[in-house]
Amino acid sequence: MKLKFLSPFLFFIAVFCAYGQERLSWPLDEGWRYSLGDDMARAEESHDDSGWSLLSVPGRIELDGAGQYFWLRATVGIPAGYRGETLWFETGKAGCAFDVYADGIYIGSRGSLPPRYFTRMQQNLALLVPASLTGDGSVVLALRCYYNGSEAFLPGFALGTADHAEFVNYLQNLFNMRVYIILSVICLFLGSYFIAQFISRPDDRASIYYALSLIFIAFYFYDMGTERLFLDGLVQRAIGRASLTASLGFLMLFLMKFFEAPGIRIVRWVVAADIGLFTFAFLVNIGDDSADRKSVV
């Protein structure tokens, strides 16, 4: 019995150990420069960026209003022993979307630039840098970025081996994002079950409160885990965060109804006002993700 209880934990330990073997990466914190605006000539290896502003990563970039293009560039040294080999650029959980160019060659994207803008702050990616670009000991990385906010946060970049890229793209994103989709489906299933319970017994108000709590948290988990936004702008994110507030409110009503606590009528009005105010606050700041974050601090 004890072995059966421990088997899930042993499985996860084995997975982490397998991904942890010979996993090498090097942080890319220094040497970055940035410039506001958009010009595809900035992707070229020979572009002169000496007049750009210096940036240490992790760092923040102040933009001129909500929603703007900007570029990042850095000349990255290739560690001895890995020159002429395929390496991977780790994007980190940046708040902005960007296309990545290595020596002027497009190697991948994180999120999507306008007109179909979206970005997932929970997502970390590793993009392949071809071996043909690493042979001379350095590579120029240029990032064409867009952020739907007034302050872009860059948590950090790295360069790594194929083992590290596999760890980032599969194991990290499993726990950072895909597990939320699993939770969303489970909550939606349970919510549907308790709705059926309420339909069969209309006097069971506790079941409908619990069902609504599960359905709202299911949408919140879905927003956390989905790899792209399906609604324009920040509508999906605003609704997702408001859904968390609604879920907690209905959970409170469920507990009060289930335990027959007094004062549930007053609490219903409080919950309704709380949901309305939070939803209004998120939707008002829908055009600026930075303002949206500050409104709930």
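Helix H2 passes helix H3 in a left-handed crossing, a label used when the near helix is turned anticlockwise from the far one by less than a right angle (right-handed if clockwise). The model here is predicted, so local features need pLDDT of at least 70 and side-chain atom pairs count only at pLDDT 80 or more, while totals for chains, interfaces and linings use all residues. Residues are numbered from 1 along each chain as its sequence is written, and side-chain values use heavy atoms, with hydrogens and water left out.

Back to the helix pair. H2 covers residues 162–200 and H3 covers residues 205–225; they pack at an angle of about 160°, and their axes are 7 Å apart. Helices (H or I, at least four residues) and strands (E, at least two) are DSSP runs numbered from the N terminus. The axes are lines fitted to C-alpha atoms, for helices over the stretch in contact, with angles running from 0 to 180 degrees between N-to-C directions. H2 is therefore roughly antiparallel to H3 (over 145 degrees; under 35 is roughly parallel, 65 to 115 roughly perpendicular and the rest oblique). Sorted by class, the contact of H2 with H3 has 20 nonpolar, six polar and one charged residues. Here Ala, Val, Leu, Ile, Met, Phe, Trp, Tyr, Cys and Pro count as nonpolar, Asp, Glu, Lys and Arg as charged, and the others, Gly among them, as polar.

H3 also packs with helix H4 (residues 235–258), at an angle of about 155° and with axes 7 Å apart, which makes H3 roughly antiparallel to H4. H3 passes H4 in a left-handed crossing too, and their contact has 17 nonpolar, five polar and five charged residues.

H2 itself has a kink of about 60° centred on Leu-174, the bend being the angle between axes fitted to the seven residues ending there and the seven starting there. Among the buried residues of H2 are Phe-167, Asn-169, Met-177 and Gly-191; buried means under 20% relative accessible area, exposed over 50% and partly exposed in between (1.4 Å probe, protein chains only).

Gln-123 lies in the loop between strands E8 (105–110) and E9 (126–129) and is buried, at 9% relative accessible area.

Over in strand E2 (residues 32–36) sits Arg-33, partly exposed at 24%. Arg-33 and Ser-53 are 20 residues apart in sequence and 5.3 Å apart in space, C-alpha to C-alpha.
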